Amino acid sequence: DADNNQKLIEEELEKKSLIPLDFHYMFWRSEDKFLRCIAIKDDNNTLEPCIIKSENKDLKEMPESYKLLPPKENVKGFMEWTFLNEDGNDTNYPSFDVFLGRSTKMAYLYKDLSKYYKNKIGYIPYEKENESVAKGLEYAYNDWCIARLAEEIGDTATYEKYKALSKSYINYYDPQTRFMRGKDLKGNWHVPFNPRYSDHRNDDYCEGTAWQWTWFVPHDVEGLVNLMGGEDAFVQKLDSLFSADSSLEGETTSSDISGLIGQYAHGNEPSHHVIHLYNYVNHPWRTQELVDSVYRSQYTNSIDGLSGNEDCGQMSAWYILNSMGFYQVCPGKPVYSIGRPAFDKAVINLPEGKTFSIVVKNNGKKNKYIESVLLNGKALNIPFFNHQDIANGGTMEIKMTDHPTKWGVLSPALSSKEEE
């Protein structure tokens with residue numbers, strides 16, 4: 001608060017085994033009094049959310065037990081909420097599953113945030129809500145997360161409802177310009193339109209432009225590919241992202257649009273999955289060479305070694321995962337996309353003394369392409385593997401080469417892998 005009492009509160013909570021849960025650094029704001037999630041730490045080191053106190057006006061109409069949402073102005077699609085609960089469920093952290101109980105409770109929480117227009121007409125009119133495209137695309141992903149959780153606990157009605165809502169990203173795609181765009185209440189596209197234009201916190205996107213946000217459909221890449229006209233058209237559009245002129249237009253362009261390779265902005269989170277989209281359209285060598293280029297152009301061992309804002313550790317998280325050789329395109333979907341490993345060997349220590357090792361052979365600065373992959377001694381011919389493969393323990397052996405190969409080209413490999 002204004003007297004800087006946050007540390008004192010945390011110290012008192014610690015004495016009573018109560019741990020503040022920081023979903024996001026913005027949750028502590030003096031003008032919001034004490035908007036904070038408190039959790040009990042049990043013998044298994046599990047965090048069970050139990051209490052929240054809020055002075056926020058938007059939350060006062062909600063039942064006390066449901067007051068777990070941050071102030072609406074602090075979030076877009078509230079990524080932390082869906083990430084924690086969905087991944088908690090998929091990776092067998094029982095605390096979040098127990099806390100939710102039923103997905104209908106989560107749906108209730110989300111209802112106040114998702115906006116009347118999103119559910120009523122399938123999109124958020126730009127004149128009714130700032131940053132409408134960014135919010136709408138993130139809401140579509142959030143709705144998919146709710147659907148996944150509902151499916152897991154057998155809530156068919158909620159699953160069907162939110163699965164349909166997760167397709168709302170389609171309503172923002174303009175086939176003429178081939179970008180995600182804002183619409184007004186009558187369904188007309190927002191004009192004039194310039195995919196390079198940015199007016200920080202005062203346009204249809206958040207900390208980005210149409211170039212960056214058009215790709216934000218992590219939960220339904222196949223649907224996005226079809227929306228753009230199929231694999232060839234998708235690859236052409238994706239190539240143009242990395243080859244376009246990097247200039248931005250507008251008097252108050254967002255400083256968060258940084259680390260540009262073409263119009264791909266590695267300095268901000270919305271772009272971080274994009275390089276791996278080539279794996280979904282049978283161009284895995286492009287993922288490999290672009291990951292390699294990001295290592296060399298966006299990260300340096302210096303005081304300013306990151307090309308963008310280290311929001312909640314995301315710039316480092318991208319590097320750590322990719323340097324081991326993989327990345328998760330869609331949080332909540334326990335599938336990893338293989339890229340270009342940086343280390344000769346990386347070992348993940350697991351419970352019960354198990355390990356998962358990534359061993360890279362013929363690795364080198366020029367050898368940035370994958371020739372072959374073995375997973376526990378068996379050939380892996382697709383550029384994806386499951387979280388369970390790591391959890392089980394084992395070894396992934398990746399052999400590198402200095403030229404693009406056809407390894408990983410096998411359509412429609414992903415859909416069958418994800419069903420396993």
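1. Let me start at a loop: Cys312 sits between H11 and H12, where helices (H or I, at least four residues) and strands (E, at least two) are DSSP runs numbered from the N terminus. Its phi is near 55°, a positive value in a residue other than glycine. Cys312 is exposed, with a relative accessible area of 56%; buried means under 20% relative accessible area, exposed over 50% and partly exposed in between, with a 1.4 Å probe and protein chains only.

2. A word on the basis of these remarks. This is a predicted model, in which local features need pLDDT of at least 70, side-chain atom pairs count only at pLDDT 80 or more, and totals for chains, interfaces and linings use all residues. Residues are numbered from 1 along each chain as its sequence is written, and side-chain values use heavy atoms, with hydrogens and water left out.

3. On confidence, the average pLDDT (the predictor's confidence in each residue, from 0 to 100) is 79 for the protein, and 70% of the residues score at least 70. Please read residues 12–114 with care: pLDDT is below 50 there, and the model gives this stretch 196 contacts beyond near neighbours in sequence, a contact being heavy atoms within 4.5 Å. Residues 413–420 also stay under 50, with twelve contacts beyond four places in sequence.

4. Helix H12 covers residues 314–324, and its buried residues are Gln314, Met315, Trp318, Asn322, Ser323 and Met324. Just after H12 comes Gly325, with a positive phi of about 120°.

5. The aromatic residues deserve a look, with 19 aromatic pairs in the whole structure. Rings of Phe, Tyr and Trp (its six-membered ring) pair if their centres lie within 6.5 Å; planes under 30 degrees apart count as stacked, over 60 as edge-to-face and the rest as tilted. Tyr299 and Tyr319 make a tilted pair, 4.8 Å centre to centre with 55° between the planes. Tyr299 is in the loop between H11 and H12 and Tyr319 in helix H12, so the pair ties together parts 20 residues apart in sequence. Tyr299 counts as buried at 12% relative accessibility, while Tyr319 is partly exposed at 29%.

6. Phe356 and Phe385 form a stacked pair, with 6.2 Å between centres and 15° between planes. This pair links distant parts of the chain, with Phe356 in strand S11 and Phe385 in strand S14 (residues 384–386), 29 residues apart. Phe356 is buried at 0% relative accessibility, and Phe385 is buried with a relative accessible area of 0%. Elsewhere, ring pairs link Tyr295, Tyr299, Trp318, Tyr319 and Tyr327 into a cluster.

7. Two backbone details are worth checking on screen. Most residues other than glycine have a negative phi, and most peptide bonds are trans. Asn282, in the loop between strand S7 (264–265) and H11, has a positive phi near 60°; Asn282 counts as buried at 13% relative accessibility. The peptide bond from Val191 to Pro192 is cis, with omega near -5°, and Pro192 lies in the loop between strand S5 (179–180) and helix H8 (210–213).

8. Ala157 and Ala147 are ten residues apart in sequence, and their C-alpha atoms are 9.4 Å apart in space.
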